[in-house]
Every structure is written in C-alpha cells, then in structure tokens.
Amino acid sequence: MIRAAERGLGYRLPEAYLRLLKSQNGGEPRRDCFPTSSATSWAKDHIAVVGIRGIGGEWGIDSPTLGSAAMIEQWGYPNIGVVVGECPSAGHDVVMLDYSVSGNQGEPRVVHVETECETPCVTLLAENFQSFIEGLVDGGVYAGEV
C-alpha cells in the first residue's frame with residue numbers, strides 16, 4: 001500500500017510518517033495543537049489538528065476523490081506536496097508535507113497552509129514530520145483561546 005501510494009502521489013513519504021501509519025493508519029491525535037510563532041486564522045499562537053490522514057480508503061492521502069491531490073485542486077492549496085493533516089476549518093487550512101525545498105524524494109518540511117488569504121499562506125511548522133509529531137501539544141494548554 002505504501003509503495004502504491006508513493007507512486008500515485010509522486011512523493012517518497014517520510015519514515016516518521018510511515019512509522020506512525022504502521023502504528024495507526026490515520027486518526028485523531030491526542031495532542032491536537034501545534035504552537036506557531038505567528039498568528040493563523042485559527043489562533044494567535046497555534047493551529048489545531050483534528051486528524052492525521054492515513055493511506056487507503058475513502059479518506060486516505062491517496063484517495064482519488066478525497067485524498068491529497070483532490071484537496072489541492074478543490075481548495076487551491078499550493079502544489080508543494082501532500083496534505084496529511086486536517087484542521088477544524090472544514091478545508092480552509094491543512095497541514096502538508098512540503099517538498100518544495102527537498103524535492104519529491106527528499107525529507108519534506110511540515111507546513112500549515114491557509115486559503116483564507118489573498119494567496120495561500122504557508123507557515124513553516126517543523127523541519128520534518130518527526131519534529132512535527134513531537135511538537136504537538138494537548139489543546140488544553142490553550143483553553144479559552146481557541
């Protein structure tokens with residue numbers, strides 16, 4: 001499934017993401033917020049993450065109808081990589097693996113992309129997927145701010 005998804009997407013998926021998928025193929029993270037150094041459409045100092053997408057099925061990153069490529073086309077996200085994380089805004093912002101620096105076979109950065117801007121706003125979250133996962137925090141630390 002992994003190799004088929006990579007071929008279909010045109011990107012080598014990072015090992016940290018693949019390790020997560022082997023443990024749980026997508027789902028809702030327990031630690032559901034990621035701190036940011038600048039304001040986003042969600043909050044002044046973080047984003048919320050309601051889901052990490054897996055592979056296969058209707059909601060997998062490789063789904064022809066609801067996967068990453070379909071989301072990029074439908075919502076106007078920049079074509080820089082793979083949509084792997086969902087935010088609570090129903091499509092107006094997402095978490096993406098950004099291959100614009102590393103190339104399709106390299107280690108992607110993790111970015112937050114918003115389409116509520118004049119042109120899509122891209123905010124660097126982490127230099128790699130492992131750092132992104134390790135940087136997630138419980139939303140309770142932002143209680144009352146969301």
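**Burial, salt bridges and strands**

Student: What is the relative accessible area of Glu6, which is buried?
Tutor: In this predicted model, local features need pLDDT of at least 70 and side-chain atom pairs count only at pLDDT 80 or more, while totals for chains, interfaces and linings use all residues. Residues are numbered from 1 along each chain as its sequence is written, and side-chain values use heavy atoms, with hydrogens and water left out. Buried means under 20% relative accessible area, exposed over 50% and partly exposed in between (1.4 Å probe, protein chains only). Glu6 counts as buried, and its value is 10%.

Student: Which residue forms a salt bridge with Glu6?
Tutor: A salt bridge is a side-chain nitrogen of Lys or Arg within 4 Å of a carboxyl oxygen of Asp or Glu. Helices (H or I, at least four residues) and strands (E, at least two) are DSSP runs, numbered from the N terminus. With the closest N and O atoms 2.6 Å apart, the partner is Arg3.

Student: How many residues apart in sequence are the parts tied together by Arg53 and Glu86?
Tutor: The side chains of Arg53 and Glu86 meet in a salt bridge, 2.7 Å from N to O. Arg53 is buried at 5% relative accessibility, whereas Glu86 is partly exposed at 27%. Arg53 lies in the loop between β3 and α3 (68–75) and Glu86 in strand β4, so the parts tied together are apart in sequence by 33 residues.

Student: Which strand forms a hairpin with β6?
Tutor: Two strands pair if DSSP finds at least two bridges between them. β6 (residues 109–114) has 5 of its 6 residues buried, so the rest of the structure largely encloses it. Strand β5 (residues 93–98) runs antiparallel to β6, joined by 6 bridges. The hairpin, with 6 residues between its strands, is formed by β6 and β7.

Student: What are the edge strands of the open sheet?
Tutor: The sheet has 5 strands with antiparallel pairing, in the order β3-β4-β5-β6-β7. An edge strand here pairs on one side only, and the two are β3 (51–52) and β7.

Student: Which element gives the most residues to the largest nonpolar core?
Tutor: A nonpolar core is a set of buried Ala, Val, Leu, Ile, Met, Phe, Trp, Tyr and Cys residues joined through side-chain atoms within 4.5 Å. The largest has 28 residues, of which Leu13, Tyr17, Val95, Phe129 and Phe132 touch the most other members. With 4 residues, the element that gives the most is α2.
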